[in-house]
Amino acid sequence: MRHLLALLMVTLALATLCCCGEDPKDPTGSPSADSIKIKKEVANAFVKRHKRSSLYEWYAEYYKSPMEQMHERCENYPPCDYLSDQIGFSMAYNRFFGRY
């Protein structure tokens with residue numbers, strides 16, 4: 001049993017040295033900001049903006065339903081938001097803002 005435990009400890013120590021050792025290419029240990037940035041043309045190649053195809057989609061994006069407006073009103077008022085997590089949205093909204 002002790003032999004297996006010693007073997008496990010040696011294996012973990014070697015794995016730690018191999019995985020956590022510093023990269024010889026980068027002595028600072030962190031990549032520079034220039035290596036992280038990508039050009040705008042490259043980013044636009046795989047990130048496409050969703051186009052609105054109909055008048056309804058345009059309307060739904062800019063105007064919210066009454067229920068969604070009530071949810072946002074409750075979320076912006078911390079006591080209502082907390083209570084809605086506890087007892088549900090409809091009961092919390094009725095308590096703080098009256099009948100909906």
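Colleague: Leaving aside its neighbours within four places in sequence, which residues is S84 in contact with?

Modeller: Please note that this is a predicted model. Beyond those sequence neighbours, S84 is in contact with C74, F89 and A92.

Colleague: Where does S84 lie, and in which helix?

Modeller: S84 belongs to helix α6, which covers residues 78-87.

Colleague: Is S84 buried or exposed?

Modeller: S84 has a relative accessible area of 18%. Buried means under 20%, so S84 counts as buried.

Colleague: You mentioned C74. Which residue does a disulfide join to C74?

Modeller: The partner is C80, with an S to S distance of 2.0 Å. The structure holds one disulfide.

Colleague: Is that disulfide left-handed or right-handed, and why?

Modeller: The disulfide is left-handed, because the torsion about the S-S bond of C74 and C80 is about -95°.

Colleague: Is C74 buried or exposed? And what about C80?

Modeller: C74 counts as buried at 1% relative accessibility. C80 is buried as well, with a relative accessible area of 0%.

Colleague: Next, the helices. At what angle do the axes of α5 and α6 cross?

Modeller: The crossing angle is roughly 105°, and the two axes come within 5 Å. The helices α5 and α6 are therefore roughly perpendicular to each other.

Colleague: Which residues make that contact?

Modeller: From α5 the contact uses C74, E75 and N76, and from α6 it uses P78, C80, D81 and S84. By class, the contact of α5 with α6 has three nonpolar, two polar and two charged residues.

Colleague: How do α5 and α7 pack?

Modeller: Helix α5 (residues 66-76) and helix α7 (residues 89-97) pack at about 70°, and their axes are 11 Å apart. That angle makes α5 roughly perpendicular to α7.

Colleague: Which residues in α5 and α7 meet?

Modeller: On the α5 side they are M67, M70, H71, R73 and C74, and on the α7 side F89, Y93 and F97. The residues of this contact of α5 with α7 divide into six nonpolar, one polar and one charged. C74 and F89, both in this contact, are also among the residues in contact with S84.

Colleague: Now the whole chain. How many helices and strands are there?

Modeller: The secondary structure comes to seven helices and zero strands. Along the sequence the pattern reads α-α-α-α-α-α-α.

Colleague: What percentage of the residues count as buried?

Modeller: Of the 100 residues of the chain, 8% count as buried.

Colleague: What is the accessible surface of the chain?

Modeller: The accessible surface comes to about 9400 Å², and 61% of that belongs to carbon and sulfur atoms.

Colleague: Finally, what share of the contacts comes from residues 24 or more positions apart?

Modeller: Such residues account for 8% of the contacts in the chain with a separation of 6 or more.

Note on methods: Residues numbered from 1 in each chain as written. Predicted model: local features only at pLDDT ≥ 70, side-chain atom pairs only at ≥ 80, totals over all residues. Heavy atoms only, no water. Axes fitted to C-alpha atoms, helices over the stretch in contact; angles between N-to-C directions. Helix = DSSP H or I, 4+ residues; strand = E, 2+ residues; numbered from the N terminus. Parallel < 35°, antiparallel > 145°, perpendicular 65-115°, else oblique. Contact = heavy atoms within 4.5 Å. Nonpolar A, V, L, I, M, F, W, Y, C, P; charged D, E, K, R; others polar. Disulfide = S-S within 2.5 Å. Buried < 20%, exposed > 50% of the residue type's maximum accessible area, 1.4 Å probe, protein only. Areas by Shrake-Rupley, 256 points an atom, 1.4 Å probe, with all protein chains shown as cover.
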